[in-house]
Amino acid sequence: MFQSLKKSILAAGIATVAVLSVQAQDTVKVGILHSLSGTMAISETSLRDVLLFTFDEINAKGGVAGKKIEPVVVDGASNWPLFAEKAKQLLEQDKCAVVFGCWTSVSRKSVLPVFEKNNGLLFYPVQYEGEEESKNVFYTAEAVNQQATPSIDYLLAQGKKKFYLLGSDYVYPQTTNLVLLEYLLSKGVPIENIGGGFKKDESGKVISAGKYTPFGHTDYQQIIAEIKQFSAGGKACVVSTLNGDTNVPFFKEYAAAGLTAEKCPVVSFSISEDEFRALPAKQLVGQLGCWTYFQSIKSPANKAFVDNFQGWLKQTTVDGVKKEGRVTCSPMVLSYDGVYLWKAAVEKAGSFEVDKVREALQSGLSFNGPGGKVTSQKNMHLTKNVFIGETKADGQFKILKQYDGVFGEPWLKGTFKPKVATK
Amino acid sequence: MIKLIFAVLLSWLLGASIYAATPREIIAKALLIEDSEEQAKLVTSLGDSDPQEVIALLTLWKEGGIFLNVDAAGAKVPVTLDEEKDGEGKQLAHRFDTGAAVGKLLASDLNAAETDSALRLAMKSVLDMAQLSSPDAKKRQEAVETMGSEQDPERLPALLARQTRETDSRVKRAIREAIALIQLKDENDAVKIAACNELGAIRSIPSQDALKAIVAEATAESKTNLANAAQLALNEIAKHVTFVNTAGTAFRGLSLGSILLVVAIGLAITFGLMGVINMAHGEMIAIGAYTTYVVQCVFGPGLELSPFGIHIALPGMNATGTLYNCYFVLALPLSFLTAALAGIALERGIIRFLYRRPLESLLATWGVSLVLQQLFRLTFGANNVQVSSPSWLSGNWTVNDVLFGWNRVFVIVFAVAIVFGVTMLLKKTPLGLLIRAVMQNRQMAACMGVRTERVNMLTFALGSGLAGLAGAFISQIGNVGPSLGQLYIVDCFMTVVVGGVGNLIGTVISALGIGMLDQSLQQILGNPVLGKILVLLGIILFLQWKPAGLFVTKSRSLEN
């Protein structure tokens, strides 16, 4: 009796081990590290959804190097120290081959030491301020020269002469505006035509350019009055790095003051199709955006991507996926591109080892994504197309201008020299 | 002879072909072109046509009233839709070029003819010329201002011609400004100097950039007369700018103060008079804001909600125009009522058991506030909802370059009305008498036969209802989301505590004072974050000096 019980337990044990080992051979663990709760959940949940969709799409076609992707989803909960703990769990406990995640720069900065210590690999998909280059992070994100400076080029070509810099008070707008200040000066825009104010240190060096408001700021009366006077002479525009819901009181006040996109357009770097859903669309018509992808791109690759994603949304059983009114936007597409680039790199390297995958990535791999061709670079950034778009009442963008194959350059501060005024 | 006939015939033909291109035909042609530069060229060619027709047609296009319908043969046909909708929401479509009916279509199936910024710029230029003879003075003024900022000498004759005929004083001033601005580009220095003097005399803020350029240019070429004239004009304008900023700051301070007052006056009653530390006050504001949202949706396309898996569909009235703009008038009393009802439920359910235990009421109402926030999230979603302002709240009134936004004027009037209404209610009505009696001495009032329980309930409902009204207003200037209340609760308590608990006049004065201080510091420091920090620091120091706030309520009651 006991003997047989022992035997059966043993048999069951062996069977389990066998099943486990079969599973272990057939799958590769991939981490998803996004905030699924807290303030950032609104934006980051969409990235979780698109990553799960991409994994399903790849698994249906045979997986990565013959192995199925097994997603490990963890919640960073908009809590930056928690991001570091969760990253540690993904790398040390789950032994994930790669992690896709992070949105805010502060969450990336907080997980960076964990990835460097464990020699992990993180794919980071959201526009950021540059000034960073880690061998353990692959930045599919837009660098400043793939979003901010092309917009300035576009506005200069439209005959704009005065630029008002406005942003939320944190690292991305502050750094971006400093780079933009240098860039504008290098294009011959005199410093008195750059609005928003400057802060200088004792030696007279500009340490902060532009006007900043805290998160959740609601009173934009004074700033709008300033913009109104700034733009009174015409040929002015606003370069906005305002984040999230502060855009609502800003644009409401902007419209109430009689400013329009024709008189003084606003180019926003933080409003994509996804954020647009929570903004008053009517008041934003004609304002500009700049991303490396818009849902309105007319290409077979984009059409297939949008259709497949919507189809996946309809049939998915993953908990907490919102099914109605979904759109696709640049951070989502850059997440999607990232997964395929990683797949290509693994298949080229013939291994899941981070060092070999990195080498393959650095050798320059290309993928034809929904936003056009993207190519990985030696500096762990991405060459991609940049689009300038104009917002429409239906929450989509009309594409006005396209810059092809822009090289991602993280180190921009100090590279633009002021143009000496020619008399 | 034959040659002559041929020439006549040719010129007749040419004339006919030019004559044939009515604005409608040109626009119909432009609508079908993909390239926006070509479109812009065609639109620019409209300059010589009948202004009123050009305005009507281009405005229709700009505002998305023209749709591109794909007919059976696969060709695009520009169409316009009738206002009337049938049972399925379909509208009768007409061909844009001929006006012939092409059957009933659903607006959501069609693509509106798009415009991009280059095309809109061309449209604006044509519209500006056409608007110069518009019967609406405001439109004339805008057109003139654009022409001035472009400093295009070609527009000078049109402006000069208009100047002799113009009767409206604002437009007259705008024309003077525009003419002077264009004359700054003149070859002749004497004309330039005259233009500088003119700009200085009318204190034209938009001309500052142009004048600065003149100063730099004239100094480089050592034309002292011109440089001096421009500099003098700039000094005049700078004085004017200082005045505009001061007046603007005063107005903005007043409006911020009014917002603080509107959100805090409800709390001044529940916390100030009743002594209940109601942490859910912010959520009462949010209830008002969400009520406004629901009313807006009912006036508009309707609303579908699914809280806790229960599906609720509210049919929409699909109202447009004036009727839609009236939604806010209905939203105001409704948001008062809903918030007041929620207040009654909160008072009956929880607070009445905790009147003698302020700390417990703080904890309990904080819990209620969390529950309510989650309730909003489950009902309306975690994202902010969109509340659009009625058109009569989104314009502005400009006097001497000082901007008075309608929504801001409205909130000031609104605040005055609320303070007046509440004061009247407390001082002149039987209910007010009972409220004051109960708040002064509950036991004594009860001894005199006042039903204190009921008075408590009604007072709390009044305070909550006022918070709801505030929410309806907040929805017009900011975000409506689940955490709306959290954004205002600190400001509310701050205003009431600084004013002195238990005193409505104190709340009024402290709200206006904080508003003014905040806006002045922002204007002086040019930094909203630093301004806010200094205001909070000032309040901390003030409360160290006067812990009971501005106005201390003296009482003989032994309870305190």
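**Ground rules.** I'm working with a predicted model, where local features need pLDDT of at least 70, side-chain atom pairs count only at pLDDT 80 or more, and totals for chains, interfaces and linings use all residues. Residues are numbered from 1 along each chain as its sequence is written, while chains are lettered from A and ligands numbered from 1 in the order in which they are written.

**Whole chain.** I looked up the secondary structure and got 22 helices and 9 strands in chain B (DSSP runs numbered from the N terminus: H or I, at least four residues, for helices; E, at least two, for strands). Chain B is more spread out than a compact globule, because its radius of gyration is 31 Å, well over the 24 Å from the globule rule for 560 residues (taken over C-alpha atoms; the rule is 2.2 Å times the number of residues to the power 0.38). Its C-alpha trace spans about 120 × 70 × 35 Å along the principal axes. I also noted that 40% of the 560 residues are buried, meaning 20 or more other C-beta atoms, placed from the backbone, within 10 Å of a residue's own.

**Helix 8.** This one runs over residues 169-183 of chain B. I found 11 of its 15 residues buried, so helix 8 is largely enclosed by the rest of the structure. Among them are B:Val171, B:Ile175 and B:Leu181. The buried residues pack against helices 6, 7, 9 and 10 of chain B (contact: C-beta atoms, placed from the backbone, within 7 Å).

Conventions: A residue is buried if 20 or more other C-beta atoms lie within 10 Å of its own, exposed if 12 or fewer, and partly exposed in between; C-beta atoms are placed from the backbone. The expected span of a helix is 1.5 Å times one less than its number of residues. Two residues are in contact if their C-beta atoms, placed from the backbone, lie within 7 Å.
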